[in-house]
Amino acid sequence: MSDKLATAWAATEAKQLRLIALQLFRCDEHEQHDDYRDQCGACVLKGYLSDSAKADGYDESEGPNYAGWARCYVQAERTVPFQWFGAFCDSLTSNNTAYANALKRDIATWGVRFAVCDMEWPKPQIKAPHATKWAV
Ligand SMILES: [Zn+2]
């Protein structure tokens with residue numbers, strides 16, 4: 001690890017990443033129908049766990065069963081639920097350094113906020129870029 005700090009994405013890149021992330025969370029048509037939720041990435045990203053994932057022993061504390069979920073939350077500026085705080089921190093120290101470093105750049109761009117309990121309020125926020133200095 002060097003002492004180089006994570007750099008925010010360029011404005012055009014950040015805009016594109018954010019637009020994609022916002023779309024990933026969209027699934028307005030079928031919120032109440034589990035039959036569709038099993039095939040819906042947005043529902044999984046928001047924490048829906050399919051019966052098959054449960055049967056496989058997926059641990060909900062690991063975060064959503066969705067690759068790259070931590071980056072999606074930061075890019076979409078969504079609050080990371082309380083129960084996924086540890087999993088989010090694990091993403092920052094992942095052996096997948098390309099992913100961890102990209103996540104740090106996301107945080108340098110948008111900041112990150114976590115729910116401090118299961119309630120919606122309060123929502124502490126680390127604001128980017130001044131308050132967020134990640135060594136990469
Ligand atoms: Zn859905």
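The legends below describe close-up views of one predicted model.

Residues are numbered from 1 along each chain as its sequence is written. In this predicted model, local features need pLDDT of at least 70, side-chain atom pairs count only at pLDDT 80 or more, and totals for chains, interfaces and linings use all residues.

View 1. Along the sequence the pattern reads α-α-α-α-α-α-α-β-β. Helices (H or I, at least four residues) and strands (E, at least two) are DSSP runs, numbered from the N terminus. Of the 136 residues, 18% count as buried. A residue is buried if 20 or more other C-beta atoms lie within 10 Å of its own, exposed if 12 or fewer, and partly exposed in between; C-beta atoms are placed from the backbone. Two residues are in contact if their C-beta atoms, placed from the backbone, lie within 7 Å. Among contacts with a separation of 6 or more, 54% join residues 24 or more positions apart.

**View 2. The largest nonpolar core, with 14 residues.** Such a core is a set of buried Ala, Val, Leu, Ile, Met, Phe, Trp, Tyr and Cys residues joined through C-beta atoms within 7 Å. Trp69, Ala70, Cys72, Tyr73, Val74, Leu103 and Ile107 have the most contacts inside this core. Helices α1 (11–24), α5 (69–75) and α7 (97–110) each supply at least two of its residues. The largest share, five residues, comes from α5. In soluble globular proteins, nonpolar side chains tend to be buried together.

**View 3. Helix α7 and the glycine that follows.** Helix α7 has 14 residues and reaches 20 Å from first C-alpha to last. That is close to the 20 Å expected at 1.5 Å a residue, where the expected span is 1.5 Å times one less than the number of residues. Its buried residues are Leu103, Lys104, Arg105, Asp106, Ile107, Ala108, Thr109 and Trp110. Their cover includes α1, α5, α6 and β1 (112–113). Glycine 111 comes after α7 and has a positive phi, near 75 degrees.

**View 4. Glutamate 77 in the loop between α5 and α6 (85–92).** Its phi is near 55 degrees, a positive value in a residue other than glycine. Is glutamate 77 buried or partly exposed? Glutamate 77 is partly exposed, because 14 other C-beta atoms lie within 10 Å.

**View 5. Leucine 49 in the loop between α3 (41–45) and α4.** Leucine 49 counts as partly exposed because it has 16 C-beta neighbours inside 10 Å. Beyond four places in sequence, leucine 49 is in contact with Lys54, Tyr58, Glu60 and Asn65. The C-alpha atoms of leucine 49 and asparagine 65 are separated by 7.2 Å, with the two residues 16 apart along the chain.

**View 6. Serine 52 in helix α4 (residues 51–55).** Serine 52 has 10 C-beta neighbours inside 10 Å, so this residue counts as exposed. Its C-alpha atom is separated by 8.9 Å from that of aspartate 38, 14 residues away along the chain.

View 7. pLDDT is the predictor's confidence in each residue, from 0 to 100. The chain averages 84, and 79% of the residues score at least 70. Where pLDDT is low, the predicted coordinates should not be read in detail.
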